[in-house]
Amino acid sequence: MKTVILCGGKGTRLKEETEFKPKPMVLVGAKPILWHIMKGYAHFGHRDFVLALGYRGQAIKEFFLNERAFANDFTLSTRSGQLDYHQSQSDDFTITFADTGENSLTGERLKRLKPYLGDGEFMLTYGDGIADVDIEALIRFHRSQGTLATLTGVHPHSKYGLVRSDAGGRVEDFSQKPTLGDFVNGGFMVFSPGMFDYVDDGMIEDALIRMTADRQLSVYHHDGFWKAMDTYQEMEELNRLWQTERPWAIWEKG
């Protein structure tokens, strides 16, 4: 099953990092966040990716074209161009790089990818969110529901401290950036082919709303780790987590 990753946005709220590179190439540890997303899928055997490129997509192509050289020692013959690698450290990905337009909305990007997706189910996620989602459980749930689409519902963290007080104004509970009880769309979606009947050149979320009206959208509840990277502060938080807990690195946990 192919996995689409939306990599075309400009990431304007993270301009400190994205002025000269696309948001999926912002580093978490020594690797782009895009690599972390792909490693999560690959852990469950899903290694066939279609990247919807847009803003500064060339940087994404260059990274993967050169990744093996960056990761290994090698000997180069400048006469013949032959490269001999001295290690074999490399990821087992198959990647289709597709230019879907610099200013396209996500629905149009997905429509442009249709020729690369075949006739079966496919997965889709955003290029700025990482999680420890059990991809196989997500796929099983989607198939059991019989709907055209399944999204992964996650619990977001409040950006603010929540305060609960008594009638007299005395604080009874103060929680710093707690996890909220409601679910939001965390990406990590599974689609059946008929979903394209609902997609136009607008946002994919508009298609999800139309599917909801026809009872064709399901939600898989994920109570584990999830975080999107929209701001410089969130980038720094993910880098701190990578140095300590690595909660989304399921490929390291067997």
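This is a predicted model: local features need pLDDT of at least 70, side-chain atom pairs count only at pLDDT 80 or more; totals for chains, interfaces and linings use all residues.
Residues are numbered from 1 along each chain as its sequence is written, and side-chain values use heavy atoms, with hydrogens and water left out. Local features need pLDDT of at least 70, side-chain atom pairs count only at pLDDT 80 or more, and totals for chains, interfaces and linings use all residues.

**View 1. The buried residues of helix H5 and what covers them.** Helices (H or I, at least four residues) and strands (E, at least two) are DSSP runs, numbered from the N terminus. Within H5 (residues 135-145), look for Ile135, Ala137, Leu138, Ile139 and His142, which are buried (under 20% relative accessible area; exposed is over 50%, partly exposed in between; 1.4 Å probe, protein chains only). Their cover includes helix H2 (33-43) and strands S8 (122-126), S10 (149-154), S14 (189-191) and S15 (217-222), where contact means heavy atoms within 4.5 Å.

**View 2. The two ends of H5.** At the start of the helix, a side-chain oxygen of Asp134 comes within 3.2 Å of the backbone nitrogen of Glu136. Just after H5, you will find Gly146 with a positive phi of about 75 degrees.

**View 3. Arg56, a residue other than glycine with positive phi.** Arg56 sits in the loop between strand S4 (48-53) and helix H3 (57-71). Its phi is near 50 degrees, and at 38% relative accessibility Arg56 is partly exposed.

**View 4. Arg215, in the loop between helix H6 (204-213) and S15.** Although not a glycine, Arg215 has a positive phi of about 60 degrees. Arg215 counts as exposed because its relative accessible area is 72%.

Notes. A polar contact is a pair of N or O atoms within 3.5 Å; within protein, one must be able to donate a hydrogen and the other to accept it, and residues adjacent in sequence count only if both atoms are side-chain atoms.
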